[in-house]
Amino acid sequence: MESELKDLNSKPAKPVAEDGSGEPAHDDASGKDDRPLLKPDPAPQVSSEELQELEKKCAAYVRRDAYGTMGRGELTVKEKVLLGLALVTLVPIRVVLAMTILVIYYLICRICTLFSVPNRDEEQEDYAHMGGWRRAVIVQCGRSLSRLMLFILGFYWINETYRIPSDAQPKPTTDCKDESEEEGTERPGAIISNHVSYLDILYHMSSSFPSFVAKRSVAKLPLVGLISKCLGCVYVQRESKSSDFKGVSGVVTERVKEAHQSNSAPPMMLFPEGTTTNGDFLLPFKTGAFLAKAPVLPVILRYPYQRFSPAWDSISGVRHVIFLFCQFVNHIEVTRLPVYYPSQQEKDDPKLYATNVRRLMASEGKMTQSDIGLAEKRVYHAALNGNNSRPSVLHQKDD
């Protein structure tokens, strides 16, 4: 396995583009890239010892719930009975209710955007800067319906903790229960969160209704496309880096600065890890969210579980959704840290800024800092897929 990891560094980087980190990244949950995460090459079978060693190195992506690795573990009789009951009772109800909420919110967005012209700038299109009652309806309904969606999925209550600023912070702010209503001139330009699951997006929508970074094809999806424009998503295309990289990076930085300077601008939500983990680890932060030199609001998400982990780490999307819908109760814990104000040294060095925010979040969230990235995630996924082929990584990890 060590030789395979060495091979990663010797292979040329493929074209990449940005993801929710605000920088070039290769999140397997966001990007128009129809190629598989891993391309198997004929090779000797991976032994169980090698797989165990790989799991130690890629501990941030290892599932440890009752459903086992990739959600394909051997289940107890009790668990099979519970799954069977949920599949015929709970899942149909949740599917119908979830689709109903999606259609209702789409209709609300459609009505509120009638006769309105979206903002267009370098292939970006959104309604996030629309003012008046239309914007108020979109935001309030979006937050309420997102919370209702979480309730339908079994998140009946959300345990939220607000950390009081310490005396060591240069510019402490007043605790606030709404990320989008920070007071004072030093408003955070971006909300920084660890990335555990696609459910992270629903929570942040219910809490502050921020703008996200999304693949460009999302804008063309039925129902979801219009909703993403009302969120003010920044669209990226993963097929090419070239000028698109500079354009999107500039748009993200401008949006962060705008949110910092104007109370009417929507906050920017960024996942600087660039991919999801099992929630116990924190990957290295990319610097895209910190280039604007603006204060940021760190938010830590955890999903405690007894049977099924809502973390989207090494399990397929379809299998994850089915198991999630089958859980009668799901849990989420949120820790909001005080707004982080960068020093002049951090403003001059975005990498230092990102590193210090990451260290703070890892300490407060009791997470282990891991130095691995998406390249290792692809290696681990390939080893899990049948355990009979050596993984060949298609994309390289960003510096």
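Is A60 buried or exposed? Select A60 in the loop between α2 (48–57) and α3, where helices (H or I, at least four residues) and strands (E, at least two) are DSSP runs numbered from the N terminus. A60 is buried, with a relative accessible area of 1%; buried means under 20% relative accessible area, exposed over 50%, and partly exposed in between, with a 1.4 Å probe and protein chains only. This is a predicted model, in which local features need pLDDT of at least 70 and side-chain atom pairs count only at pLDDT 80 or more, while totals for chains, interfaces and linings use all residues. Residues are numbered from 1 along each chain as its sequence is written, and side-chain values use heavy atoms, with hydrogens and water left out.

Stay with A60 and display its surroundings: leaving aside neighbours within four places in sequence, A60 is in contact (heavy atoms within 4.5 Å) with T277, N278, F281, L283 and I372. The C-alpha atoms of A60 and S314 are separated by 9.9 Å, although the two residues are 254 apart along the chain.

Now zoom out to the whole protein chain, which has 12 helices and 15 strands. Of its 399 residues, 55% count as buried, and among contacts between residues at least 6 apart in sequence, 76% join residues at least 24 apart.

Next, select Y105 and L153, which touch the most other members of the largest nonpolar core, a set of 59 residues. Such a core consists of buried Ala, Val, Leu, Ile, Met, Phe, Trp, Tyr and Cys residues joined through side-chain atoms within 4.5 Å. Elements giving two or more residues to this core include α3 (77–88), α4 (90–112) and β12 (296–302), and the largest share, 9 residues, comes from α4. A second, separate core of 27 residues includes V251, Y353, A354 and M361.

Colour residues 81–108 next, where an unreviewed UniProt entry places the feature "transmembrane region"; UniProt positions are given in the numbering used here, feature names are shortened, and annotations may be inferred rather than shown by experiment. In the model this stretch is 96% helix and 0% strand, with its end C-alpha atoms 40 Å apart.

Select E79 and R307, whose side chains meet at 2.6 Å, N to O. E79 lies in helix α3 and R307 in the loop between β12 and α9, so this pair ties together parts that are 228 residues apart in sequence, and both residues are buried.

Move on to R163 and E364, which form a salt bridge at 2.2 Å, N to O. R163 sits in the loop between β6 (159–162) and β7 (190–193), and E364 in helix α11 (residues 350–364), 201 residues apart. R163 is partly exposed, with a relative accessible area of 26%, and E364 also counts as partly exposed, at 28%. Finish the charged groups with R63, D65 and D313, which are linked in a network of salt bridges.

For the last stop, select F151 in helix α5 (residues 132–152), which is partly exposed, with a relative accessible area of 40%.

Definitions and conventions
A salt bridge is a side-chain nitrogen of Lys or Arg within 4 Å of a carboxyl oxygen of Asp or Glu.
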